[in-house]
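Dear colleague,

I am handing over the structure we talked about, and I would be grateful if you could look through it with the notes below at your side. The notes begin with the contact between the chains and then turn to the inside of one of them.

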Amino acid sequence: MRLDIVITGVGGQGNVLASRILARAAMDYGLSVRTSEAIGMAQREGVVMSQVRMGSGSFGALIPNGQADILLGFELAETVRGLPKLKQGGVVVVNTETIFPVSVSLGLSQYDPDQLISYLQEQADGLKPVHATALARQAGTPKATNMVMLGALAGLNVLPFAAAHLKQVAMELIPTRLREINLKAFELGQQAVGGA
Amino acid sequence: MKKLLMGNEAIAYGALEAGVQVVTGYPGTPSSEIFTTLAGMAGERGFHAEWSVNEKVALEVAAGAAYAGARAMVTMKQVGLNVAADPLMTLAYIGVKGGLVLVVADDPGPHSSQNEQDTRKFAQFAKLPVLDPSTPQEAKDMTRAAFDISESLGLPVIIRPTTRTCHVCQDVEVDEKQMERPKPGGFQKDPGWVIFPSLAIKRHRWLNQQQDEMQKIFENSPFNKIHPGSRRSGIVTTGVAYNYVLEVIEQMQLDIPVLKIGTSYPLPVHSTLQFLDGIDRVLVIEEQEPVLEDQLIKMIWQHRRPLVLRGKYNRLVPREGELDVDKVKRAVAAFFEIDLPCKEEKKLPPLPVRPPVLCAGCPHRASFYAFKQAARGTDAVFTGDIGCYTLGNMAPLNAVDTCLCMGASITLGTGLQLVEPERRVVAFLGDSTFFHTGIPGLINAVHNGARLTVVVLDNRTTAMTGHQSHPGLTRNATGQRVEPLEIARLAEACGAGLVQVVDPLAYDEAVQAAREALEFQGVSVLVMRRECIALVKGQNPSRRIDREKCLDCGVCLEELGCPALFKGEEGPVIGTACTGCDLCKQICPAEAIVEGGEVQ
Ligand code: SF4
Ligand code: SF4
C-alpha cells in the first residue's frame with residue numbers, strides 16, 4: 001500500500017500541522033511515512049505545498065508529477081496550481097475560499113474564481129468542494145480551516161485508517177484550549193462531505 | 001522507539017546520542033531547527049547551547065570547547081560557512097581533540113537563500129571529510145558517527161544535509177539515552193595549538209596524509225551501499241538524489257546496479273573500483289555540483305578504466321536547482337535510451353502570482369514607508385540586507401535596491417556613496433544582522449567619514465528563521481535571563497553622530513525622525529523599534545473601513561501592500577488578516593479607517 005497526498009495553500013494556513021497530523025496517524029498504523037514541508041521565506045503569504053507519503057516504498061519525500069492520490073487544496077487558486085501533481089482519477093478536496101494576493105489588489109495579476117472553479121470541475125472527476133473557511137468560522141475561528149479540511153478528507157474514507165483515529169491524533173497535537181473549536185471544525189468538515 | 005522527526009530534529013537526536021557537550025550556531029534556513037531542538041533540551045541534559053552572533057564566532061567557540069576535549073557541534077546554512085571560512089581553513093591544520101561536527105545545510109533550489117553553493121566543495125577545499133545524508137534517519141545515524149570519525153582523525157567533520165533532508169519528516173528510530181561522556185580532559189598547553197608558519201608547513205603535510213586515512217575509514221562505511229543489478233550499466237548517486245534514483249528504477253522496472261555514496265568526500269577508492277568492475281557505463285546523479293562526478297572521472301583516469309561516464313558535464317543531470325523524481329527520470333531515460341511516453345502538459349488557466357510578502361501589521365512596512373515619504377523627491381538609494389525585510393523590495397514599497405549578504409547594507413552603501421557623494425544612501429538591516437556583521441561596517445563608515453543613514457529594523461527577534469534570540473534581548477537560547485545590549489548605545493559607541501530610537505508605527509514621528517536622519521551630514525543611525533507582529537499577534541482587533549467616509553482613492557491599497565487590504569466591489573476592504581497596526585489608518589486622507597468590527 002502506498003498513498004501520496006499533496007496539500008497546497010498559502011503561507012500561514014496551517015498546512016504544516018495538517019501534514020504532521022496525517023503522518024502521525026499513519027505511523028500509528030505501522031506505515032512508514034515521509035513528509036516535506038515549506039519552511040522559511042516561502043511561508044510568508046506565499047505559495048506553499050506540503051507532501052505526505054505513507055506506506056511501502058516511499059523513498060523520497062517528493063511526490064512525482066501526476067502521481068498524488070489526493071490533493072487537499074486549502075485555497076482555490078493554489079488547488080489549481082497543485083493539480084499537475086495529481087494522478088488520473090485522483091481525489092481533490094478544495095476549499096472554495098479565495099485569498100487574493102497583494103499583486104491582485106495592485107492590478108499586477110488576475111484572479112478569476114469562477115473560471116478556476118469551472119476548470120477544476122472539468123479536470124478533476126473526484127472533486128469535493130468544501131466551504132472550509134466558512135465552516136471554520138462557524139466553529140469559532142477561520143484559523144481552523146485546516147481542521148475542516150482534514151475532517152472532510154477523513155469523511156471520504158480514502159485513508160488507510162479510520163476517521164476517528166485521525167480525529168484523535170489531531171486533538172492530541174492541538175493545545176488544550178483550542179481543542180473544542182478544532183474538534184467542531186473537524187466534525188463540520190466530515191459532515192460537509194456526508195462522512196459522519 | 002520510533003518518532004516522527006524532521007531531518008533537523010533527527011540530527012539533534014544524533015548529537016544527543018553521541019553525548020554532545022557544546023552546541024553553537026547562527027540561524028539560517030534550512031538549518032535552524034537543529035539548534036532549536038538541542039537548545040530546548042540543553043538545560044535538562046546539562047550541555048551548553050548558544051546562538052552565537054555569527055557563524056565565525058560559533059565555530060571558534062565550538063573549536064575552543066573541542067580543544068579542551070569536549071564533543072562540540074556547530075550549525076549553520078551554506079552561506080554561513082563563508083563567514084566561518086576563516087577559522088575553518090586553519091582549524092583543518094590545527095585539528096581538534098574532542099569531536100567537532102559542523103552541520104552545514106545546503107539549499108538547492110534555492111528556497112530561501114542568496115545562492116546555491118555546494119558545501120561539499122568547501123569541504124574539499126578545506127580538505128575535510130563530508131557526509132551527505134539522504135533521509136532524516138540517515139542524518140541521525142551520520143551525526144552520531146561523525147563524532148567518532150572526528151575524534152579518530154583529529155579533524156572537524158562536516159555533515160551536509162539539503163532542504164529535502166532538513167525539512168522532511170520521517171518515522172525515525174531514536175535512542176532516548178544520551179551517551180555517557182567522560183568529563184572533558186581540559187585544555188593542555190602545547191605548541192601545536194599555535195599556528196606559526198613553521199607549524200603550518202608541518203600540519204599541511206599531515207592534513208594531506210589524513211586524506212588517505214579518511215578514505216580508509218570510508219571504505220567500510222555503512223553509509224555506502226550497493227544495490228545489485230544484472231545490467232552492465234549502473235548509477236552512482238549520493239544524498240537525497242539516492243531516493244529519487246530508487247523510485248525511478250522501481251517505476252521504470254530497471255534491473256541495474258546502484259552505488260550509493262554517503263561519504264561524498266573523500267570518495268573511497270577500493271570499494272568504488274570494486275563496484276565499477278562490474279559495469280561498462282555509469283551515470284552519476286547528484287544534486288548541485290559534480291563533486292562525486294569529478295572524483296570518479298579522476299579515479300577512472302588514474303586507474304585506466306575503460307568506462308563511459310555520464311552526468312552533469314554531458315548535461316544529462318542538471319547542475320542548477322533541486323533534483324526530483326521527474327528530473328532524475330529524464331536523465332535515466334536518456335542514459336538508457338528509453339523513450340518516455342510524452343504526456344501532454346495540461347495547460348492551467350491564468351493564476352495570480354503569489355510571492356511571499358511582509359506580514360499584515362509587520363513593523364518593517366511602516367519603517368520603509370516612513371523613509372519613502374521622508375526621501376520623496378530625492379534619488380536616495382535604499383540598500384538592503386538579509387532577513388524578512390528583504391521582502392521590502394516588493395511592489396508597492398520597492399524599498400530595497402540592493403541585497404548581497406549579511407551586513408552588506410552598510411558597507412555597500414558606503415561604497416556607493418564614495419562614487420556619488422551627493423546621493424543619499426539609506427542602509428536597512430535587522431537587529432540580529434546588526435550584531436552579526438553590521439557593527440564592523442558601521443565602525444568603518446564612521447572612521448572613513450561616510451555620510452549615510454543606517455536604519456536598524458529592530459523587531460526584537462531574528463524573525464525570518466523562526467524567532468531566535470540575539471544579544472539585544474533579555475533571554476538567550478536556553479531561556480536564561482541576560483542583560484540586553486542597547487543597539488542605540490552601541491551605535492553611539494561606534495561613533496555615529498546622530499542616533500535616535502523611534503516607533504515606526506507612530507507614523508508622523510517616524511517620518512520626522514527619518515527626515516532628520518537623512519539631513520544629517522555624517523553617519524546617522526535610526527533604530528526603528530517595534531516587536532515582530534508574529535510575537536504579539538492577536539492583541540489588537542481588526543480595523544474596518546467606514547464606507548460613508550471612504551473616498552475610494554486607493555491610497556491604503558496601493559501604497560502599503562498590506563496583505564490584509566484588498567479590492568472590494570465598492571472600494572477597499574480589510575480582511576481578517578488585519579492585526580490592527582493602524583498604519584493604513586494614519587495615511588488615509590479621509591479618516592475612513594476605524595477601529596472595531598470584523599468586516600469582510
Ligand atoms: S491596520 Fe491596516 S495596515 Fe495594519 S494590518 Fe490592518 S489593514 Fe494592514
Ligand atoms: S485611503 Fe482611506 S479614503 Fe482612500 S481608499 Fe483607503 S480607506 Fe478609502
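**Where the two chains meet**

Across the interface of chain B and chain A, five salt bridges are found, and please keep in mind that they, like everything else here, are read from a predicted model. Polar contacts across the interface of chain B and chain A come to 16 residue pairs, with both residues at pLDDT 80 or more. On the side of chain B that touches chain A, the elements giving two or more residues are strand 1 (2-6), strand 8 (168-173), helix 10 (241-251), helix 13 (325-335), helix 20 (555-560) and strand 20 (565-568) of chain B. Of these, helix 10 gives the most, with six residues, and the residues of this side of chain B divide into 28 nonpolar, ten polar and 16 charged.

The contact as a whole takes 54 residues from chain B and 50 residues from chain A. The size of an interface is often given as the accessible area lost when the parts come together; between chain B and chain A the buried area is about 4,700 Å², with carbon and sulfur atoms giving 60% of it.

**Domains 1 and 2 of chain B**

Chain B is divided into domain 1 (2-220), domain 2 (224-336), domain 3 (363-529) and domain 4 (543-595). The centres of domain 1 and domain 2 of chain B, taken over C-alpha atoms, are separated by 27 Å, and their contact takes 30 residues from domain 1 and 29 residues from domain 2. About 2,300 Å² is buried between domain 1 and domain 2 of chain B, and carbon and sulfur atoms give 48% of that area. On the side of domain 1, Arg120(B), Phe218(B) and Glu219(B) supply 25% of the area buried against domain 2, more than any other three residues.

Four salt bridges are found across the interface of domain 1 and domain 2 of chain B. Arg120(B) forms a salt bridge with Glu286(B), the closest N and O atoms being 2.9 Å apart. There are also 22 residue pairs in polar contact across the interface of domain 1 and domain 2 of chain B, both residues of each being at pLDDT 80 or more. The elements that give two or more residues to the domain 1 side are helix 6 (119-126), strand 6 (130-131), helix 7 (136-153), helix 8 (163-166) and helix 9 (197-219) of chain B. Helix 9 gives the most, with five residues, and the residues of this side divide into nine nonpolar, ten polar and eleven charged.

**Other features within the chains**

Over all chains the structure holds 39 salt bridges. In one of them, the side chains of Arg144(B) and Glu17(B) meet at 2.8 Å, N to O. Because Arg144(B) lies in helix 7 of chain B and Glu17(B) in helix 1 (residues 7-17) of chain B, this pair ties together parts that are 127 residues apart in sequence.

Strand 20 of chain B pairs in the antiparallel sense with strand 21 (residues 571-574) of chain B over four bridges, and the hairpin that joins these two strands passes through two residues. In this pairing Leu565(B) stands opposite Ile574(B).

Thr29(B) and Pro30(B) are joined by a cis peptide bond with omega of about 10°, and Pro30(B) lies in the loop between strand 2 (22-25) and helix 2 (32-45) of chain B. The peptide bond from Ala395(B) to Pro396(B) is cis too, with omega near 5°, and Pro396(B) lies in the loop between strand 14 (381-383) and helix 15 (408-419) of chain B. In chain A, Asn157(A) is not a glycine and yet has a positive phi of about 55°; Asn157(A) lies in the loop between helix 6 (145-155) and helix 7 (163-173) of chain A.

With kind regards

Terms used
Residues numbered from 1 in each chain as written. Chains lettered and ligands numbered in written order. Predicted model: local features only at pLDDT ≥ 70, side-chain atom pairs only at ≥ 80, totals over all residues. Heavy atoms only, no water. Domains from an automatic or database assignment. Contact = heavy atoms within 4.5 Å. Buried area = accessible area lost by both parts, 1.4 Å probe. Polar contact = N/O pair within 3.5 Å; in protein donor to acceptor, adjacent residues only side chain to side chain. Nonpolar A, V, L, I, M, F, W, Y, C, P; charged D, E, K, R; others polar. Pairing = 2+ DSSP bridges.
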